Amino acid sequence: MKTRAVRIRHALIVVWTIAMVIFVYLPSLSITLASLTSSRYFIFPINKWGLDWWRKTLDSIQIHQILETSLVIALVVTAISIVLAFFGALAFARYDWKGRSWFQKLILLPIFFPQSVLGLALLLWFNAIGLQLSWQTAVFAHLVWIVPVVTLVISIQVYSFDPAIEEAAYDLGASRLQVLREITIPVLMPGIFSGGLFAFLLSWGNFPLSLFTTGADTTVPEYLYAKMVAGYTPGVPVLGTISTVGAIVILIGGYLVMLALNRRRRAGAG
Amino acid sequence: MAGPDGVILYLKGLTKTFAGHAAVDAIDLEIFEGELFTIVGPSGSGKTTLLRMLAGMEMPTSGDIILRGEKINAIPANRRPTCMVFQSLALFPHKEVGANIEFSLKIRGVDPATRKRRALELMEMLRLPESYYRRAVTQISGGERQRVALARALAFDPEILFFDEPLSALDYKLRKTLEKELKDIHRETKKTFVYITHSLEEAMVMSDRIGVMRSGKLVQIGSPQEIYSTPNSKFVSEFIGDVNVVPVTVTGDRKLTSAEVPGEFRAPPIADGMKDGYLVVRPEFLRFLSEPGDADNHVAGKLYNEYALGSRIQYHVRVGEMTFVLEKLRHEAFQGKLDQDVLIGWDAADSIVVPDR
Amino acid sequence: MSERRITAGAWSASPVILFLLIGFAAPLAAIIVFSFMPPRTFGFGGQPTFENYVTIFESTTYISLLWSLGFAAMTVVILAFICYPVAYGLVRVFGRWSTLVTLLFVIPLFVSENVRLYGWLLFFIKNGVLLGSLKSMFGLDLESILFTRGIVLFGMVYVYIPFMLFPLTLGISMVPNETREAARDLGATRWQVFREVELPLSLPGLMIGSLLTFVLAVGAIAEAKVLGGQQIIPIAHDIEIAFTYAQNWPLGAALSVLLMLIVGALVLLVLRRVDLDRLLGRR
């Protein structure tokens, strides 16, 4: 039985959380509104609604190129970080080995590091070893902090994984490779999947690392930033809305896929 | 082809050290074809390490593991003709009951139809309904999961099955049932089972022979009857459960005194040269006396409390700083009041004297 | 713990370790070396010198550093207060709605911070969503609060919500319900339960959250640029200027090293006291 005091406290928490959610989404709402005006300047309330700026933005070849660059970087980052982080997570959470606690701290360092400084350090490093800056160097830069994040995400799944099941498979005659293919990877799949989702989205939205490491190539956040400081253009809200809505769609889509996977696993009919 | 004298597994000076500490310390042991051998020991006694070496999941630091006359030290777990049932069971959570059971056959490239036939055969033997073949392992009960783990281990017809306390997570009633069931399956399959547990009670129920392990060494090996009635040390006698252990000094031919309990006691035959040791009397051999002469030995104390243990009743009697434990069958219950003065006693032949080891 | 597992662990860790050595340790080493190069040079060939550090201590750069540290500290404190009720709700109140609420707070992580800050700009700007509405509905004509110090702090608090919220949630979920009930049963008031049981037991989460927020906020740059209109020059901005407009890489490197020292000391201090296995849920 909940007492009156508890009910009031819970109600207050719910109200506060709703307020926080609104607070979190207010800027996205503002951007979306701003993208729906036909006039050159943003004046609220909007008197001329329209999709003109959407059309102009979507037709722009430059924008296509920028979207493509962002997409390619995010996909490559996702692929590489999943492989590295999968093994990293096993070392982080699954195996007992001498260097484990040392390794756990090492993994956290890039996450606990100001990204703008990291971007500059990488710029300096690329310059020192004579690498030409391009989208490839940006991929490398993104990986430096995304691999640790994905390692943590997969690690959480690894923690709930009974190490004995690998041993059992091995004991039943499986080779190391068969254990990996038949047991470890399928069991960790939900973690790998959410890790991949994180990798893609974090790369997609990253600004501070891209700023210093893309060279002549431009990602969406970089382009938006350049336009923002250069003065108002309604193309910014449009592209901002696209990248926000894109993130939401991918995340919710991914979440639904996960739910479906889990349900199938639980039902066991497959 | 059986090894010499029906020995299937022979351990010779088997040792495993971790950072200079011997978890398993020079164990010599013969396990016979078709027996159910249980290794009992408290946690940290090295029994799990020993089992993991036998299964091939740990490499011995020194010594040999000999299976049917052949040294198998260097053969890894996936190529040993043995199989382990894990404490957590380690069922594959992403595979169905059938796929779990068939796993070892799939790995060995057996065709699906044969695999399925074998799985269903095992499921029938273990009384798992056929409909469970496609059931998720996360959706069946604890006892059923136990049987799936056993079926999975039996599927490729291993020579020896190892059990790492697979029943320890279950509730008491189910554990009691499954202990007997496991013994029945042992009888059915005629395979060699090596079982480890921390519960001597569990070992008593199912084993042909028991080895008691302490600090990496096997301190006593024998049939359940031998372990129960003639433990060779204070450690083994206390491990069995409630028991009366009195520190004693040998004063003469079959004569004992104790610093804890007044009087001189008559003792069973004592090993030559023993000076100090422990007198061990099981609770069921202690009796309430009406006359001091009703038993070889007697002690006066106060009834402290009584406990109903199902078919038996246990009594605690305080004698000075010591507490004696007595057990009576329910229909022979002692009618006494708490704090009442009582006389208790036992016969010399029902007691043993063990060294402090 | 067998030898096999030791090697398996080290083997699995090696690709990541190798990558972080090349991608993280090496750049940091490069920036440290570079901070000792003569000003306005672009290679590692110069005679090592402390000149850049001397320049920093003689200039007014320390003001930027103090602003960044002060604002980061304020951000942490404000976030701890506004996130705690939500984190508590996620663990104890929302039940099956928790996943959805979590998702709602995760999404902004994936939208570039400058886009979200730009949204606030459109919200607060003159004739924007807020002031425009007030004007048309109530005839109020107010000054915009943009380009003030307060709005920079506001922006930082806004951007780093998830980084405080999620570690805090992990921390609170580490407090077993039974312990709280036991404390309550032993006669503790609601406040005493919080102070004596919940807060100490969820401290690892709060520490990780505070550390993460602080570190990210110290390096923050977009808030001041997008919302602050140069009212505040954060340290990261000074570093960027040194690397770009001023073309004085060694000076920028020296500033980065200072920032790294502060951040590194904090991180090591806090991480030494947190058991990651427990926080992330090893059973």
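Two residues are taken to be in contact if their C-beta atoms, placed from the backbone, lie within 7 Å. The model is predicted, so that local features need pLDDT of at least 70 and side-chain atom pairs count only at pLDDT 80 or more, while totals for chains, interfaces and linings use all residues. Residues are numbered from 1 along each chain as its sequence is written, and chains are lettered from A and ligands numbered from 1 in the order in which they are written.

**View 1. The interface between chain A and chain C.** On the two sides of this interface, 76 residues of chain A are in contact with 80 residues of chain C. At least two residues of the side of chain A that touches chain C come from each of several helices, including α1 (4–35), α3 (61–94), α8 (176–205) and α11 (235–267) of chain A; helices here are DSSP runs (H or I, at least four residues) and strands likewise (E, at least two), numbered from the N terminus. The most is given by α1(A), with 15 residues. By residue type, this side of chain A comprises 56 nonpolar, 16 polar and four charged residues, where Ala, Val, Leu, Ile, Met, Phe, Trp, Tyr, Cys and Pro count as nonpolar, Asp, Glu, Lys and Arg as charged, and the others, Gly among them, as polar.

**View 2. The two domains of chain B.** Chain B is divided into domain 1 (7–230) and domain 2 (242–354), with bounds that come from an automatic or database domain assignment. Between the C-alpha centres of domain 1 of chain B and domain 2 of chain B there are 39 Å.

**View 3. An open sheet in chain B.** Five strands of chain B, in the order β15-β19-β16-β17-β18, form an open sheet with antiparallel pairing; two strands pair if DSSP finds at least two bridges between them. Because β15 (287–288) and β18 (322–329) of chain B stand at the edges, each with a single partner strand, one side of each is left without a neighbour in the sheet. Strand β16 (residues 297–309) of chain B is joined by seven bridges to the antiparallel strand β17 (residues 312–319) of chain B, and B:Ala308 has B:Ile313, in β17(B), as its bridge partner.

**View 4. The helices of chain C.** Chain C holds 15 helices and zero strands, and its C-alpha atoms fill a box of roughly 75 × 70 × 30 Å, taken along the principal axes. Of the 283 residues in chain C, 47% are buried (20 or more other C-beta atoms within 10 Å of the residue's own, C-beta atoms being placed from the backbone).

Notes:
A residue is buried if 20 or more other C-beta atoms lie within 10 Å of its own, exposed if 12 or fewer, and partly exposed in between; C-beta atoms are placed from the backbone.
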